[in-house]
Amino acid sequence: MSWKKNMFVYAAVLVLVVGSIPFIVMVVKDRTYVPSPVYAPTGESNRAVAVVYYSRSGHSEAVAREIAQTFNAPIARIYAEYTLDIAGQRNAVSDASKEIHPKIIVEPIELAPVKRIFLVSPTWMFRPATPLWAYVEQTDLTGKQVVLITTGNSRFKQEETDAFAARVAAHGGHLVHHIFLRRGRIYWQKNREELIEDVRDQIRQYQHVILL
């Protein structure tokens, strides 16, 4: 092989390696749980508001805790069997594609006095993550206003949000607002501080809609 061919091969390999680094970093991040400061209401909580969330890698959890802190509201986590490995990612994508609702466990939370509930989750296949759909299907939302907050690296499809709103309505609630927080793309990712500042800005921007 001539030196020119060798140089071409080396250059091609270098481009491939360099180009794959951002993707590898994103995949590793999605398989790594990143904790956020534990939140608990100060004094007597705001019983008119509640936050319920699902988070696999910790990003949506950080957003949910920020929202709960803003309103001094009670918060509950949804648990589902999507492990932080290749199998967990594969199962999450498969269930989202097939619209399969997993078995879930939800931390105790009193919803009877709640007027507005924030539902927070990542976006899987352009729609809220499957555990959030499962939660709606088993919850009485009669008379409650629902604010959907989703996070993701890509985008959401409005028809999927509309379908989610229909399921909320089927259980007595009304989806009044949806906020999508883009965490980034393959070649750039927001850090945790940027994500939290984003949700703060969104809440301030739409406070005439979501503040009680």
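Student: Which residues does isoleucine 179 touch, not counting residues up to four places away in sequence?
Tutor: Happy to start there! This is a predicted model, in which local features need pLDDT of at least 70, side-chain atom pairs count only at pLDDT 80 or more, and totals for chains, interfaces and linings use all residues. Residues are numbered from 1 along each chain as its sequence is written, and side-chain values use heavy atoms, with hydrogens and water left out. With contact meaning heavy atoms within 4.5 Å, the partners of isoleucine 179 are Leu148, Ile149, Thr150, Gln202 and Tyr206.

Student: Where is isoleucine 179, and is it buried or exposed?
Tutor: Strands (E, at least two residues) and helices (H or I, at least four) are DSSP runs numbered from the N terminus, and isoleucine 179 sits in strand β7, residues 174–182. Buried means under 20% relative accessible area, exposed over 50%, and partly exposed in between, using a 1.4 Å probe and protein chains only. Isoleucine 179 has a relative accessible area of 3%, so it is buried.

Student: What separates the C-alpha atoms of isoleucine 179 and leucine 148?
Tutor: Along the chain these two residues are 31 residues apart. Leu148 is also one of the residues that isoleucine 179 touches. Their C-alpha atoms are separated by 6.3 Å.

Student: How many residues of α4 are buried?
Tutor: The buried ones are Thr130, Pro131, Leu132, Trp133, Ala134, Tyr135 and Val136. Helix α4 is therefore mostly covered, and its buried residues number seven of eight.

Student: How do α4 and α5 pack, roughly parallel or roughly antiparallel?
Tutor: Axes are lines fitted to C-alpha atoms, for helices over the stretch in contact, and angles run from 0 to 180 degrees between N-to-C directions. Helix α4 (residues 130–137) and α5 have axes 9 Å apart at an angle of about 25°. Angles under 35 degrees count as roughly parallel, over 145 as roughly antiparallel, 65 to 115 as roughly perpendicular and the rest as oblique. So α4 and α5 are roughly parallel.

Student: Is glutamate 160 buried or exposed?
Tutor: Glutamate 160 lies in helix α5, residues 158–170. Leaving out residues up to four places away in sequence, it touches Phe126, Arg127 and Trp133. Its relative accessible area is 17%, so glutamate 160 is buried.

Student: What is phi of phenylalanine 126?
Tutor: Most residues other than glycine have a negative phi. Phenylalanine 126 lies in the loop between β4 and β5, and its relative accessible area of 24% makes it partly exposed. Although phenylalanine 126 is not a glycine, its phi is positive, at about 70°.

Student: What about methionine 125: what is its phi near?
Tutor: Methionine 125 is placed in the loop between β4 and β5 (127–128). At 38% relative accessibility, it counts as partly exposed. Its phi is positive in a residue other than glycine, near 55°.
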